[in-house]
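Q: Please take a close look at one part of this structure for a reader who is new to it, and then go on from that part to its wider setting.

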Amino acid sequence: MTDDGIYVYGFVRADHPLPSHPVGVGEPPGAVERIVEGRVAAVVSQAPPKLRARRRDLMAHQDVLLALADDGPVLPMRFGMVAPDEAVVRRQLSDDQGRHLAALEGLAGRVEINVKAMPADGSLAALVKGDATIRGLREAVRRQPSYEAKMRLGEAVATALSRRATEAGHEIVRALTPRAHAVCAGPEVSGCQVNVSFLVDRSDSADFAAEAERLAGHRRERVALRVVGPLPCYSFLEPRALAGRAGG
């Protein structure tokens, strides 16, 4: 490796094959390799200097993980994890070998599906029709279009749209939960009322996503749903951070 350190994509079982012709992060792309320690291995490449979250590198990181997942479970690292040297990687693999193996067993044959719920486009008409308070505020603006009246209307509309999308999003999450092995709430995202990931069987991922879209279709006047996956199972493990730096 180089003085810039070792870029870590994730952990796999020691006998896990590498994808055919993997393209690593960096320009030119780093060669993707394995560091094997006992019964587990880290999938790595040389860390590029001045690593940044460029689209090309973000996609390369995820593509390596998805290709690995075609041949078995992977414990994915978030983008930008860099270890200072091989010794640190080997120590981490050795110290936590049992935990890694147990986590890999729990993720075998499973993928992550992420669901985000946002206010539906064009939902204002349905809101006005069904909300007497909004109708009253709108009439007040028509009668006396002051700045204050417009502000009150705008705030009330934004609050109501967010509330309706949140309620619909939680309804969808409750309906999907029995089909998942695990559910994890994600971080807050601007403009998004619900952000939840589901751990599902790979064989069920397409039907799961279709069911999410079907449930959203019944609530189209309240919520717009964005379903992403299958993804590496980022949300369903808590790997100890490697001693090193995380690229920006």
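A: Glutamine 62 has its place in helix H1, which covers residues 55–69, and the model in which it is seen here is a predicted one. Leaving aside residues up to four places away in sequence, glutamine 62 touches Leu231, Pro232 and Tyr234. Arginine 78 lies 16 residues from glutamine 62 in sequence, and the two C-alpha atoms are 9.1 Å apart in space.

One of the residues touched by glutamine 62 is Leu231, and strand E9 is made of residues 223–231, which leads on to the strands. E9 is joined by seven bridges to strand E6, and the two run antiparallel; within this pairing, lysine 116 has arginine 226 of E9 as its bridge partner. E6 is also joined to strand E8, residues 194–201, by eight bridges, again in an antiparallel arrangement, and here valine 115 stands opposite valine 196 of E8. E6 itself, residues 110–119, is mostly covered, with seven of its ten residues buried.

In soluble globular proteins, nonpolar side chains tend to be buried together. In this model the largest nonpolar core has 22 residues, and those that touch the most other members are Ile172, Leu176, Phe198, Val200, Phe208, Leu225 and Val227. At least two residues of this core come from each of E6, helix H6 (147–176), E8, helix H7 (205–217) and E9. Another core, of 21 residues, lies apart from the largest one, and its members include Ala42, Val44, Met81 and Val89.

A further part of the picture is a pair of helices. Helix H2, residues 86–95, and helix H3, residues 97–107, pack with their axes 4 Å apart and at an angle of about 70 degrees, which means that H2 is roughly perpendicular to H3. On the side of H2 the contact is made by Gln92, Leu93, Ser94 and Asp95, and on the side of H3 by Gln97, Arg99 and His100. Sorted by class, this contact of H2 with H3 holds one nonpolar, four polar and two charged residues.

Terms used:
Residues numbered from 1 in each chain as written. Predicted model: local features only at pLDDT ≥ 70, side-chain atom pairs only at ≥ 80, totals over all residues. Heavy atoms only, no water. Buried < 20%, exposed > 50% of the residue type's maximum accessible area, 1.4 Å probe, protein only. Pairing = 2+ DSSP bridges. Axes fitted to C-alpha atoms, helices over the stretch in contact; angles between N-to-C directions. Parallel < 35°, antiparallel > 145°, perpendicular 65-115°, else oblique. Contact = heavy atoms within 4.5 Å. Nonpolar A, V, L, I, M, F, W, Y, C, P; charged D, E, K, R; others polar. Core = buried A, V, L, I, M, F, W, Y, C linked by side-chain atoms within 4.5 Å.
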